[in-house]
Amino acid sequence: MSVSVIDDFVQMVIYDHSVATGLKSCKTDQDIVDFAASCDYIFSITAWLQYVATDSAGLSESELLAINAIESDHWSWAFRKVAPWRAMLMDGA
């Protein structure tokens, strides 16, 4: 069940500007889980980390390095966690 809740949250970030704006303040994976819970999307940190790992499994080493090079205090950090959110970022972000 957690995966469908996480999928729903990921989609809500894409479709609701106010939710996307709230994601900008997340600096840790736990922050993302807590933010999702504040929007009534309840899932565990373990489920989230597994979701991110599954999403990242198909990335090349250079893509992973580029994603991991972004400091967590940068506004775009959380958006780099999963492919649907990365697709929201403009080139150069």
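Let's start with one serine. S56 is buried, with a relative accessible area of 17%. The cut-off for buried is under 20%, so S56 makes it. Where does S56 sit? It is found in helix α4. Set aside its neighbours within four places in sequence, and S56 is in contact with L64 and K81.

Before going on, a word on the model. This is a predicted model. The protein averages a pLDDT of 93. Of the residues, 96% score at least 70. Which helix has the lowest confidence, and which the highest? The lowest is helix α5, residues 61-68, at a mean of 91. The highest is α3, at 98. Where pLDDT is low, the predicted coordinates should not be read in detail.

Now an arginine. R86 lies in helix α6, which covers residues 83-86. Buried or exposed? R86 counts as buried, at 18% relative accessibility. The same cut-off of under 20% applies to R86, so 18% is enough. What does R86 touch, leaving aside its neighbours within four places in sequence? The partners are D55, L59, I67, F79, R80 and K81. Note K81. It is in contact with R86, and K81 is also in contact with S56.

Back to helix α4, residues 45-56. I'll take two of its packing partners.

Partner one is α3, residues 29-38. Two packed helices are described by the angle between their axes and the distance between the axes. For α3 and α4 the angle is about 115 degrees, and the axes are 10 Å apart. The two helices are therefore roughly perpendicular to each other. α3 passes α4 in a right-handed crossing. Which residues meet? From α3, we have D29, Q30, I32 and V33. From α4, we have I45, W48 and L49. The residues of this contact of α3 with α4 divide into five nonpolar, one polar and one charged.

Partner two is helix α1, residues 2-15. The axes of α1 and α4 come within 10 Å and cross at roughly 70 degrees. That makes α1 roughly perpendicular to α4. On the α1 side, the contact uses S2, V3, I6, D7 and V10. On the α4 side, it uses A47, W48 and Y51. The residues of the contact of α1 with α4 divide into six nonpolar, one polar and one charged.

Conventions
Residues are numbered from 1 along each chain as its sequence is written. This is a predicted model: local features need pLDDT of at least 70, side-chain atom pairs count only at pLDDT 80 or more; totals for chains, interfaces and linings use all residues. Side-chain values use heavy atoms; hydrogens and water are left out. Axes are lines fitted to C-alpha atoms, for helices over the stretch in contact, and angles run from 0 to 180 degrees between N-to-C directions. Helices (H or I, at least four residues) and strands (E, at least two) are DSSP runs, numbered from the N terminus. Angles under 35 degrees count as roughly parallel, over 145 as roughly antiparallel, 65 to 115 as roughly perpendicular and the rest as oblique. A crossing is left-handed if the near helix is turned anticlockwise from the far one by less than a right angle, and right-handed if clockwise. Contact means heavy atoms within 4.5 Å. Ala, Val, Leu, Ile, Met, Phe, Trp, Tyr, Cys and Pro count as nonpolar, Asp, Glu, Lys and Arg as charged, and the others, Gly among them, as polar. pLDDT is the predictor's confidence in each residue, from 0 to 100. Buried means under 20% relative accessible area, exposed over 50%, partly exposed in between (1.4 Å probe, protein chains only).
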